[in-house]
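Trainee: I have a protein model open and would like to learn how to read it. Could you walk me through some of its features?

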Amino acid sequence: MFQTVDVQASFELQLPLGKACGAQYSGSLKSLENLISEDLRLRGFCHVQVSGVGGTARLTVCDASSLSLGCASPERVGVNMTWRARLADIPPSSTLDLRDVERAMAGEQLFGRLSELVDGGDYRLAMDDGSFAVASSFLPPGVPTEAGLGCVAGHIRVLNEPNGSRRDEGCVPCPPGSFSQHGPCAHCPLGFYQAQEGSTDCERCPSGRTTSSPGAVFPSQCEHRYSIIIP
């Protein structure tokens, strides 16, 4: 069973004069990401009002993983936005269906309004090291865009291909000893463990202890660190 409805879009920002996007700019990228996230929230881009025959519901569509930034070129920053509505947040009494949620997210409330703001050239942000202006059109262009079905953090989407035919099985939780934050399940690293399935992070071993290999499940797998001193 799917757990979310997702809509994605992207655009680019021009770096201030004299700045170059690269490894040395990672700290500024994080600050810019926080600035854009807060700006979009204040502009009302993190909630959507869903209406249908069965009623209405106000859904939150932003989380910690909604926005990601990366270097599109030495002079430009790529901004990737994912709006994500949790189906579990829809009140059962509203009887809204997936099409109602898709129309609200891919229409004028979110995608259309941000597309108009970006394509109009009016979106500009200022930080200590200069001003960032829109350097590209909104992608994908046009309204409406397509909404996709996805999974909440701690779960992954499973695709089976029996007899050459592709079948989407929906979402399954990451197993114990692993975690996921809207990506593939990953083993808990050395020094961490996770006994629960469907987790978004791992528990750290007590001080002075570590695990012998990645993917530990139980705290009992945290062992004392030993050091051998050769005189």
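This is a predicted model: local features need pLDDT of at least 70, side-chain atom pairs count only at pLDDT 80 or more; totals for chains, interfaces and linings use all residues.

Trainee: Is Cys21 buried or exposed?

Mentor: Here you need a cut-off: buried means under 20% relative accessible area, and exposed means over 50%. Cys21 has a relative accessible area of 12%, so Cys21 is buried.

Trainee: What is the distance between the sulfur atoms of Cys46 and Cys62?

Mentor: Cys46 and Cys62 form a disulfide with their sulfur atoms 2.3 Å apart. The torsion about their S-S bond is about -90°, so this disulfide is left-handed. Cys46 is in the loop between H1 and strand E2 (47-52), while Cys62 is in the loop between strand E3 (55-60) and E4, so the pair ties together parts 16 residues apart in sequence. With 10% relative accessibility, Cys46 counts as buried.

Trainee: And where do Cys188 and Cys202 lie?

Mentor: Start with the bond: a disulfide joins Cys188 to Cys202, S to S 2.0 Å. Cys188 lies in the loop between strand E12 (186-187) and strand E13 (192-193), and Cys202 lies in the loop between E13 and strand E14 (203-204), so this pair ties together parts 14 residues apart in sequence. The link of Cys188 and Cys202 is left-handed, with -80° about the S-S bond. Cys188 is buried at 0% relative accessible area, and Cys202 also counts as buried, at 15%.

**Strands side by side**

Trainee: Now the strands. How many bridges join E1 to E5?

Mentor: For a pair of strands, ask about the bridges and the direction. Strand E1 (residues 4-14) is joined to E5 by 11 bridges, and the two run antiparallel. As an example to find on screen, the bridge partner of Ser10 in E5 is Asn80.

Trainee: What about E4 and E5, which way do they run?

Mentor: Strand E4 (residues 67-73) and E5 run antiparallel, joined by six bridges. Here Gly70 stands opposite Gly78 in E5. E4 and E5 form a hairpin, with two residues between them.

Trainee: How many residues of E5 are buried?

Mentor: Eight of the 11 residues in strand E5 (residues 76-86) are buried, so by the under 20% cut-off the strand is mostly covered.

Trainee: What does Ser66 touch?

Mentor: For a single residue, go from its place to its neighbours. Ser66 is found in the loop between E3 and E4 and is buried, with a relative accessible area of 4%. Its side chain reaches the backbone nitrogen of Asp63 at 2.7 Å. Leaving out residues up to four places away in sequence, Ser66 touches Val61, Asn80, Met81 and Thr82.

Trainee: Let me try Asp39. Where is Asp39 found?

Mentor: Asp39 is found in helix H1, and is buried at 17% relative accessible area. A polar contact of 2.8 Å joins the side chains of Asp39 and Arg43. Not counting residues up to four places away in sequence, Asp39 touches Tyr123 and Leu125.

Trainee: Finally, which residues lie nearest the centre of the largest pocket?

Mentor: They are Asp6, Gln8, Thr82, Arg84 and His182, in a lining of 13 residues. The largest pocket has a volume of about 170 Å³. E1, E4, E5 and strand E8 (148-150) each supply at least two residues of the lining, and the largest share, three residues, comes from E5.

Terms used. Residues are numbered from 1 along each chain as its sequence is written. Side-chain values use heavy atoms; hydrogens and water are left out. Buried means under 20% relative accessible area, exposed over 50%, partly exposed in between (1.4 Å probe, protein chains only). Helices (H or I, at least four residues) and strands (E, at least two) are DSSP runs, numbered from the N terminus. Two strands pair if DSSP finds at least two bridges between them. A disulfide is a pair of cysteine sulfur atoms within 2.5 Å. A polar contact is a pair of N or O atoms within 3.5 Å; within protein, one must be able to donate a hydrogen and the other to accept it, and residues adjacent in sequence count only if both atoms are side-chain atoms. Contact means heavy atoms within 4.5 Å. On a 1 Å grid over the protein atoms alone, a cavity is a set of points where a 1.4 Å probe fits but cannot get out, and a pocket is an open set with protein on both sides within 12 Å along at least five of seven lines; lining residues have an atom within 4 Å of a point. Grid points are joined across faces, edges and corners, and a volume is the space filled by probe spheres set on the points.
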